[in-house]
Amino acid sequence: MLDPGRHYAGLRLVALLPLLLFLPAVIAFFVDPDVAWGEYLGVFFHLSILFLVSRLDAASWAKAAGYGWVTLDVLAGILMINGVEYDTAWAVRLGGHVLAGVWIVASSLVSRSWPVRVVGVVTGVWLAGYSFVGAVLAEEFLRPAGIMILVWFALLAIFHRDDPMHSATTTSPAPA
């Protein structure tokens with residue numbers, strides 16, 4: 001039998017890990033966007049998202065979008081670390097942000113917590129939407145999405161409750 005308290009504690013940790021890894025990067029975006037260590041931390045941040053994608057309830061296509069986001073943003077970070085032209089790495093990153101927005105919105109909409117739903121939808125739409133206008137808007141317009149994703153991770157850690165009929169290891173409801 002699934003222990004909901006134990007499962008929730010695990011989700012709390014899984015939501016706090018990317019929050020803790022992304023917070024210094026968000027601060028760096030405001031202070032010194034060209035800081036060298038930011039890309040390294042960004043790669044680890046995105047890898048930590050794998051655990052969250054696997055734990056949050058979402059349709060399989062939405063989870064695939066979440067995994068796609070991680071893949072593309074890790075690729076973008078490694079491209080930057082290895083000196084690939086910024087415009088190329090940035091375009092890859094923005095493509096990943098479209099998938100991030102899809103996953104964030106889809107997983108938020110099935111949350112039983114209204115703060116998670118509201119902040120998740122706004123965050124996902126902002127993150128994905130910027131990708132379509134990033135060629136005409138400065139990168140500073142993306143920064144609020146960074147703050148909102150931190151808030152979303154915190155809200156997941158505080159308010160998210162898993163459906164007791166589902167767990168990270170099951171894909172179908174328990175038999176009646």
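**View 1. Five aromatic residues gather into one cluster.** F45, W69, W103, W152 and F153 make up a single aromatic cluster in this predicted model. A quick note on how to read it: the model is predicted, so local features need pLDDT of at least 70, side-chain atom pairs count only at pLDDT 80 or more, and totals for chains, interfaces and linings use all residues. Residues are numbered from 1 along each chain as its sequence is written, and side-chain values use heavy atoms, with hydrogens and water left out. Rings of Phe, Tyr and Trp (for Trp, the six-membered ring) pair if their centres lie within 6.5 Å; planes under 30 degrees apart are stacked, over 60 edge-to-face, and the rest tilted. By that rule there are 6 aromatic pairs.

View 2. Take F45 and W69: they sit edge-to-face, 6.5 Å from centre to centre, with 70 degrees between the planes. F45 belongs to helix α2 and W69 to helix α3 (residues 60–81), so to speak distant parts of the chain, 24 residues apart. Helices here are DSSP runs (H or I, at least four residues), strands are E runs of at least two, and both are numbered from the N terminus. Both F45 and W69 are buried, where buried means under 20% relative accessible area, exposed over 50%, and partly exposed in between (1.4 Å probe, protein chains only). F45 also pairs with F153: the centres are 6.0 Å apart and the planes at 65 degrees, so this pair is edge-to-face too. That one links helix α2 to helix α6 (residues 143–159), across 108 residues.

View 3. E39, D73 and R93 are linked in a network of salt bridges. A salt bridge is a side-chain nitrogen of Lys or Arg within 4 Å of a carboxyl oxygen of Asp or Glu. R93 and E39 meet at 3.0 Å, N to O, and they link helix α4 with helix α2, 54 residues apart. For R93 and D73, the closest N and O atoms are 2.6 Å apart. R93 is in helix α4 and D73 in helix α3, so this pair ties together parts 20 residues apart in sequence. Is this trio buried or exposed? E39 is buried, at 18% relative accessible area, and R93 and D73 are buried as well.

**View 4. E140 and R143 form another salt bridge.** Their side chains meet at 3.7 Å, N to O. E140 is partly exposed, with a relative accessible area of 43%. The whole structure has 3 salt bridges.

**View 5. S107 is tucked into helix α4.** S107 lies in helix α4 (residues 86–109) and counts as buried at 4% relative accessibility. Its side chain reaches the backbone oxygen of I104 at 3.4 Å. Leaving aside neighbours within four places in sequence, S107 is in contact (heavy atoms within 4.5 Å) with L56, D57, A58 and W152.

**View 6. A nonpolar patch on the surface.** W37, Y40, F44, L47, L50 and Y67 form this patch, with about 590 Å² of accessible area together. Patches take residues with over 30% relative accessible area and no salt bridge, joining like charges within 9 Å and nonpolar side chains (Val, Leu, Ile, Met, Phe, Trp, Tyr) within 5 Å. Accessible areas come from the Shrake-Rupley method with a 1.4 Å probe; for residues, only the protein chains shown count as cover. Helix α2 (residues 37–55) gives the most, with 5 residues. L50, in helix α2, is partly exposed at 32%.

How values were computed:
Polar contact = N/O pair within 3.5 Å; in protein donor to acceptor, adjacent residues only side chain to side chain.
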